[in-house]
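Here are my notes on this one, jotted down as I went through it.

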Amino acid sequence: MDSFKVIEIKQSVFEDNNRDADRLRTELKEKKTFLLNLMSSPGSGKTTIIMRTIECFEKKYRMAVMEADIDSDVDARTIAQTNAKTIQLHTGGMCHLDADMTRQGLNNMGYEELDLVILENVGNLVCPAEFDTGAVKNAMILSVPEGHDKPLKYPLVFEVCDALIINKIDVLPYFDFDMEKLEKYAYMRNPNLKIFPVSAKTGEGVKAWCQWLAEQTELWVK
Amino acid sequence: MHELGLIIDVVEKVEGYAEENGVSSVKSVVLQVGEAFSVVPNLMKNVYRKAISGTVLEGSELELEIIAASVKCCMCGGDFNPFSTDAVCPNCGSDEYIPLHGKEFFIKEIKIQDS
């Protein structure tokens with residue numbers, strides 16, 4: 001009869017990506033480039049928020065945007081209308097980006113001359129939160145029509161983010177979205193979260209969001 | 001959704017170990033997966049069967065040890081499983097807690113032929 005032995009491995013499957021992400025952050029620090037990972041569900045307004053952010057920083061930062069989608073270049077074409085450099089990443093069916101894919105995108109685009117790069121992650125509230133992209137900070141968008149209970153249903157994405165943009169506040173009167181409950185649930189997941197109520201459509205609240213992003217960028221590049 | 005990508009990572013790690021240690025055949029792989037980790041266990045087993053084809057793990061079984069989720073209540077300090085209590089402390093009723101366990105995803109051990 002065959003006999004078998006048990007070998008203990010005790011290795012996290014994410015170890016390699018976590019190490020790679022730390023290495024990428026070191027490279028970004030050396031090159032004085034700030035990378036923001038922006039996550040949300042599809043349709044919450046990532047691209048529109050990015051367009052507003054580019055407007056804010058037109059004269060201040062050399063910016064670029066990396067668009068990640070499973071297919072198409074719809075978002076990259078939208079951003080290409082601005083002065084920001086843009087590149088479209090196709091994930092080939094993957095539901096998220098990891099540090100290696102992010103580095104490939106940055107190297108393809110060339111980022112030595114850039115101050116601020118925004119990575120628009122795949123529209124998904126689950127998978128992107130599991131994988132460190134190597135970004136300096138993570139931000140997410142929750143839009144009013146999605147409801148205020150999302151921090152209860154999708155805890156991890158709220159836990160890993162530094163900033164939460166509540167977009168589409170211009171339509172608050174038409175939805176049962178309770179901002180107080182949203183804040184309570186979000187702070188429950190992450191007491192350090194910075195929350196920015198915004199309307200990318202009207203521009204309300206965009207200034208405060210850009211101010212925070214500028215502060216983070218200045219801290220990183222000096 | 002990303003079960004295949006994760007399983008491919010597992011297979012590559014075990015292959016790497018096998019190559020370094022002269023292991024020619026793996027009988028089973030044990031993964032520890034937290035209850036709150038976002039994978040579907042049945043899907044993991046299905047994709048595992050495909051992912052090990054042609055590798056040193058071919059023919060091996062994937063075993064999953066599910067680690068129960070536990071959190072610490074911020075009010076009374078008690079531990080509880082948020083999935084069993086609708087995320088409310090059964091002791092004091094608070095809904096504020098710190099996660100302790102449940103998000104793990106580890107290769108715990110592998111079983112190989114004893115030569």
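1. Starting with chain B: B:Val71 has B:Phe80 as its bridge partner in β4(B). Keep in mind throughout that this is a predicted model. The pairing belongs to strand β3 (residues 70–73) of chain B, which is joined to β4(B) by 2 bridges, the two strands running antiparallel.

2. Zooming out on that part of chain B, there is an open sheet of 3 strands, ordered β4-β3-β5, with antiparallel pairing. The edges are taken by β4 (79–80) and β5 (97–101) of chain B; each has a single partner strand, so one side of each has no neighbour in the sheet.

3. Now chain A. Which order do the strands of its open sheet follow? The sheet has 7 strands in the order β4-β3-β5-β2-β6-β7-β8, with parallel pairing. At its edges stand β4 (85–90) and β8 (194–197) of chain A, each with a single partner strand, so each has one side left without a neighbour in the sheet. From one strand to the next, the twist averages 20°.

4. Strand β6 of chain A deserves a look. How many of its residues are buried? For this strand (residues 137–143) the count is 6 of the 7, so β6 of chain A is largely enclosed by the rest of the structure. On one pairing, strand β2 (residues 34–40) of chain A runs parallel to β6(A), with 5 bridges joining them, and A:Leu36 sits opposite A:Lys137 in β6(A). On another, 5 bridges tie β6(A) to strand β7 (residues 163–167) of chain A, again parallel; here A:Ala139 is opposite A:Ala163 in β7(A). If you are checking side-chain directions along a strand, remember that in a regular strand the side chains alternate between the two faces of the sheet.

5. Elsewhere in that sheet, strand β3 (residues 63–69) and strand β5 (residues 116–120) of chain A pair over 5 bridges in the parallel sense.

6. On the helices: α7 (residues 179–189) of chain A lies across β6, β7 and β8 of chain A, and runs at about 155° to β8(A). The contact involves A:Asn17, A:Asp20, A:Ala21, A:Arg23, A:Leu24, A:Glu27 and A:Leu28 in α1(A), which meet A:Ala99, A:Asp100, A:Thr102, A:Arg103 and A:Leu106 in α4(A). By class, that contact of α1(A) with α4(A) comes to 5 nonpolar, 2 polar and 5 charged residues.

7. Cysteines next. How many disulfides does the structure hold? Over all chains, the number is 0. Take A:Cys161: the closest cysteine sulfur, in A:Cys127, is 14 Å from its own, too far for a bond. A:Cys161 is also buried, at 3% relative accessible area. B:Cys92 is in no disulfide either, and the nearest cysteine sulfur, that of B:Cys73, is 3.5 Å away; the cut-off is within 2.5 Å. B:Cys92 is partly exposed, with a relative accessible area of 39%.

8. A backbone check. Most residues other than glycine have a negative phi. A:Lys32 is not a glycine, yet its phi is positive, about 55°. A:Lys32 is in the loop between α1 and β2 of chain A and counts as partly exposed at 43% relative accessibility. A:Lys168 also has a positive phi, near 70°; this residue is in the loop between β7 and α7 of chain A, and is partly exposed with a relative accessible area of 27%.

9. Last, A:Asp170, which is also in the loop between β7 and α7 of chain A. Relative accessibility is 29% here, so A:Asp170 counts as partly exposed. Neighbours within four places in sequence aside, A:Asp170 is in contact with A:Ser199, A:Lys201 and A:Thr202. The C-alpha atoms of A:Asp170 and A:Val144 are separated by 8.8 Å, with the two residues 26 apart along the chain.

Technical notes:
Residues are numbered from 1 along each chain as its sequence is written. Chains are lettered from A and ligands numbered from 1 in the order in which they are written. This is a predicted model: local features need pLDDT of at least 70, side-chain atom pairs count only at pLDDT 80 or more; totals for chains, interfaces and linings use all residues. Side-chain values use heavy atoms; hydrogens and water are left out. Buried means under 20% relative accessible area, exposed over 50%, partly exposed in between (1.4 Å probe, protein chains only). Helices (H or I, at least four residues) and strands (E, at least two) are DSSP runs, numbered from the N terminus. Two strands pair if DSSP finds at least two bridges between them. Axes are lines fitted to C-alpha atoms, for helices over the stretch in contact, and angles run from 0 to 180 degrees between N-to-C directions. Contact means heavy atoms within 4.5 Å. Ala, Val, Leu, Ile, Met, Phe, Trp, Tyr, Cys and Pro count as nonpolar, Asp, Glu, Lys and Arg as charged, and the others, Gly among them, as polar.
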